[in-house]
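Colleague: I would like to go through the pockets of this model. Please show it first.

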Amino acid sequence: MSVDSYAPCPCGSGKKFKFCCQVISDDMDRIVRLIEGNQPRVAIQQLEQVAKKHPQNAWVGTTQAMVLLDLNEPAFARDILKQLLEFHPDNELAIVLYAAALIREDGFEVAKRAIHRAFQKSAKKLPALVGDLASSYAAMHASEGHMMAAREHLALALRLAPEDKRQQLFVQLLELDGSDDILYPLRGSHLLPTITGSDELQKEVRKGQKYAAIGCWSTAADVFAALADATPDRAELWHAVGLCRAWDGNEKIAAEALHRAARHYTDQGTAIECETLAQILDAKTSPDVVEQCHYTATVHSVSRLLTVLDNVPQFQRVKNAPESDIVTPVAIYLALNTEKKQTDGRDLTRDTVPVIQAQITIFDSDPKNNKPAVAMISGFRGQAIDDVKATWTAVAADLFEWKSDVPQPEMASAIPAEAMVLECRWYLADEVPQVRRRELLNQYWSQAAHEKWPQLPLRALGGKTPAQAVSDASLQIPLYGAVYALDAGLQRRSYGLDINQLLTSLKVTPLPELEVTEETNVGALSIMQLHRLPVQKLNDQQLNTVVNRSMLIQHSESLYQVLTEALARPSCAEQFDRARILRTLSEISASKERREEAFSWIDQGRKLPVPEGKTAFQHAWTWDMAELGMRLEDPSDPQLKALLNRFVTYYSPKVPQIRPHIEQMLQGFGVPSPWNSVEFSLASSLATPGQGWNPESAAPAAAGGSKLWLPGQ
């Protein structure tokens with residue numbers, strides 16, 4: 001390694017190399033060649049020798065640490081760096097490496113202070129390394145369910161990342177913002193509020209903003225909290241405290257601050273957003289929970305046990321047990337509250353749908369690791385799981401042995417008791433068509449939202465029910481927050497709640513739309529603000545931004561409004577992927593049980609110009625496949641036969657390879673192959689190549705004549 005004599009010294013002192021570490025340049029040059037030659041152990045030995053002569057040299061110490069980290073020896077790296085930082089407390093590289101070593105050896109909680117010091121001291125000169133720290137911290141927060149913290153750390157990593165990593169981090173950020181597993185109020189960006197006041201106040205506010213900008217959110221929260229304690233009626237200060245605590249992963253304290261902000265805000269919309277966030281964060285620390293638990297048993301004979309369980313009337317075996325990266329179960333049974341039976345769902349009502357009491361999961365033995373076969377009965381603590389255990393014991397007592405003599409099941413996790421209203425434990429057999437399944441589930445969620453939830457005592461309402469809270473003026477904002485928290489929970493379960501309808505039924509005035517101007521930056525709005533936009537008043541550029549964000553968020557109620565507005569504007573035709581919009585509108589309509597409307601969106605898609613790079617044949621195939629997928633949701637659909645006839649007589653003669661693709665799709669819905677039908681086979685043999693069953697609606701043959709096109713190309 002050749003270092004220019006007048007270049008900055010590699011040790012990070014800021015001095016010229018000639019006047020700093022040139023004395024060890026030959027030794028370090030040799031060591032660097034050993035490292036590059038994949039001889040790290042030899043390099044470590046020689047570094048130790050150099051360190052004895054120059055025990056306080058930062059170049060030697062940081063090089064030792066990097067090699068040790070590569071060798072997965074973080075404890076040694078940590079100790080070297082800790083000692084080094086006593087002599088060079090501001091060495092940027094040592095600060096970053098020390099944080100990395102602490103994370104790997106002692107965990108994120110111990111390393112937190114060192115990480116924040118790296119954010120503060122090293123980001124300017126070593127952005128890529130600090131960005132890696134932020135990315136690791138984001139992953140940790142995500143694993144612990146602190147999604148606001150995960151997003152902000154990921155956004156920080158994106159800002160610091162080199163160009164070759166930015167795309168990957170950007171995709172991760174989009175995935176986080178678009179994840180259905182995260183309640184939508186927690187997703188997206190949340191900007192610190194504008195805080196006005198005296199020069200002295202502004203000085204402290206800027207300090208807090210500076211810490212927040214570099215990822216030191218706990219320090220920023222401390223700054224804002226000191227100001228809030230001094231002026232406790234300032235909603236903006238409590239709002240800032242709440243956001244910074246949430247970004248730091250301290251969700252319990254964040255919720256408390258956001259509740260206080262909600263109480264003091266005069267702007268109703270902002271108050272409700274703070275309250276909604278607070279209630280969602282509160283749910284994670286609720287003292288009133290329902291435990292999810294399990295009984296575990298060692299199985300003597302898996303094959304005999306499966307035979308016995310298959311004959312228990314209440315035990316429904318899952319046809320395809322999900323594969324696992326750890327251990328794939330041999331079988332899974334759902335223990336029902338009634339005897340299993342085949343049904344297409346027509347005879348079911350929301351009061352007669354079978355309910356899952358518990359799940360039985362069976363794992364085979366692992367002779368290589370000397371592990372026996374195991375069975376687990378899992379479910380919510382209470383009478384239901386105990387009844388399943390009793391039934392299991394009665395039919396298979398000689399085939400297993402309980403792993404514990406403790407009569408109570410072992411706790412696995414817990415959910416807030418209030419959330420049980422959204423726990424649907426229905427069992428709908430595979431034979432129940434998707435259209436009937438959706439109809440029943442919509443009835444369930446509608447009853448939960450409009451009948452059960454209004455009568456549910458809520459912690460956020462001081463133990464009152466929503467119906468009772470309506471008459472209490474002090475609970476107005478918490479009631480709104482509870483409604484939006486309910487909406488978030490239902491959206492996560494693919495049910496679109498009409499918030500205004502629910503508020504009206506509670507005799508509460510729906511929130512007004514946001515005021516917008518040509519200068520309004522809709523890209524900076526939170527998701528809850530986005531849902532209150534008057535989309536008809538947005539200019540084309542604003543609407544384009546809202547469409548893109550709404551497609552990512554997938555809040556069905558607001559998305560429908562945004563997309564229909566986009567389609568209604570000829571001036572926006574070139575800005576949007578109209579085919580994607582029509583498919584999405586079709587899916588939303590189907591989820592609302594508006595099938596005819598869903599098919600009308602598909603018909604509009606057929607009328608779109610053929611996209612560049614595709615043939616008319618491919619374009620027709622795309623929309624016929626969309627219609628087929630929807631028709632199959634109801635195998636009794638009278639128009640399904642004619643559509644399948646089109647695939648047999650028009651598509652199949654042109655591209656024979658589509659037959660197995662379609663047959664596999666039909667099998668999943670329990671529909672027999674039309675190619676095996678005598679009627680369809682005869683129609684196919686009589687079809688003239690290039691002509692469909694309906695010449696007036698058939699798409700023209702693929703351009704290019706001999707070019708072969710396959711589904712998915």
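Colleague: Which helices each supply at least two residues of the lining of the second largest pocket?

Modeller: This is a predicted model, where local features need pLDDT of at least 70, side-chain atom pairs count only at pLDDT 80 or more, and totals for chains, interfaces and linings use all residues. Residues are numbered from 1 along each chain as its sequence is written, and side-chain values use heavy atoms, without hydrogens and water. A pocket is an open set of points on a 1 Å grid over the protein atoms alone, where a 1.4 Å probe fits, with protein on both sides within 12 Å along at least five of seven lines; lining residues have an atom within 4 Å of a point. Helices are DSSP runs (H or I, at least four residues) numbered from the N terminus, and those asked for are H17 (434–452), H19, H23 (556–567) and H24 (578–591).

Colleague: Which helix gives the most to the lining of the second largest pocket?

Modeller: The lining has 31 residues, with Ser-494, Tyr-495, Gly-496, Ser-556 and Ser-591 closest to the centre of the pocket. The top contributor, with eight residues, is H17.

Colleague: Which helix gives the most to the lining of the largest pocket?

Modeller: Helix H14 (268–282), strand S7 (410–416; strands are E runs of at least two) and helix H19 (476–492) each supply at least two residues there. With five residues, the most comes from H19.

Colleague: What is the volume of the largest pocket?

Modeller: Its lining of 39 residues has Leu-183, Ile-280, Ala-283, Pro-416 and Ala-419 nearest the centre. Volume is the space filled by probe spheres set on the grid points, which are joined across faces, edges and corners. For the largest pocket this is about 1,100 Å³.
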